[in-house]
Amino acid sequence: MYADAAYEPGEWVTVHGVYDGEAATLYVEGQPVAGPTPVAGALDAHDFDEGRQEIRVGGPTDAFLACGLASLRVYGRALAPEEVAHRHRQLGASVGEGEP
């Protein structure tokens with residue numbers, strides 16, 4: 001899943017990926033930019049490599065985003081769109097205070 005958009009280098013951006021067991025939605029700056037995209041199956045502990053699951057941020061499978069990561073949170077449930085918008089407002093205010 002991706003959003004075809006350009007972002008300014010040196011600017012903080014909040015990104016949320018939400019998977020509800022059936023579909024995935026990508027949010028940038030608290031707004032949905034891609035999805036919901038149907039995704040088959042639930043996450044299974046047996047799919048994890050020694051308790052780790054790969055998360056990729058960037059372009060196609062051979063290109064990745066070169067950036068700093070200020071905060072990463074993984075929840076045991078899908079966030080509602082209102083919760084994503086609320087967390088964006090909280091994170092945007094605190095993350096944007098430092099250097100990217």
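Which residues make a nonpolar surface patch of about 310 Å²? The patch is made by Y7, V13, V15 and V33. Patches consist of residues with over 30% relative accessible area and no salt bridge, with like charges joined within 9 Å and nonpolar side chains (Val, Leu, Ile, Met, Phe, Trp, Tyr) within 5 Å. A salt bridge is a side-chain nitrogen of Lys or Arg within 4 Å of a carboxyl oxygen of Asp or Glu. Accessible areas come from the Shrake-Rupley method with a 1.4 Å probe, and for residues only the protein chains shown count as cover.

The model is predicted: local features need pLDDT of at least 70, side-chain atom pairs count only at pLDDT 80 or more, and totals for chains, interfaces and linings use all residues. Residues are numbered from 1 along each chain as its sequence is written, and side-chain values use heavy atoms, with hydrogens and water left out.

Helices (H or I, at least four residues) and strands (E, at least two) are DSSP runs, numbered from the N terminus. Of the 100 residues of the chain, 18% count as buried. Buried means under 20% relative accessible area, exposed means over 50%, and partly exposed lies in between (1.4 Å probe, protein chains only).

The three strands form an open sheet in the order β1-β2-β3, with antiparallel pairing. Its edge strands are β1 (15–19) and β3 (31–38), each of which pairs on one side only. Neighbouring strands of the sheet are turned by 15 degrees against each other on average, direction ignored. For such angles, axes are lines fitted to C-alpha atoms, for helices over the stretch in contact, and values run from 0 to 180 degrees between N-to-C directions. Two strands pair if DSSP finds at least two bridges between them.

Five bridges join β1 to β2 (residues 23–28), and the two run antiparallel. H16 has Y27 in β2 as its bridge partner. H16 and V18 lie on the covered face of β1, whereas V15, G17 and Y19 lie on the uncovered one. In a regular strand, side chains alternate between the two faces of the sheet. The hairpin of β1 and β2 has three residues between the strands, and G21 there takes a positive phi near 95 degrees.

The segment before β1 includes V13 and T14. V13 counts as partly exposed, at 31% relative accessibility. T14 is buried, with a relative accessible area of 9%. A polar contact of 2.4 Å joins the side chains of T14 and H88. Such a contact is a pair of N or O atoms within 3.5 Å; within protein, one must be able to donate a hydrogen and the other to accept it, and residues adjacent in sequence count only if both atoms are side-chain atoms.
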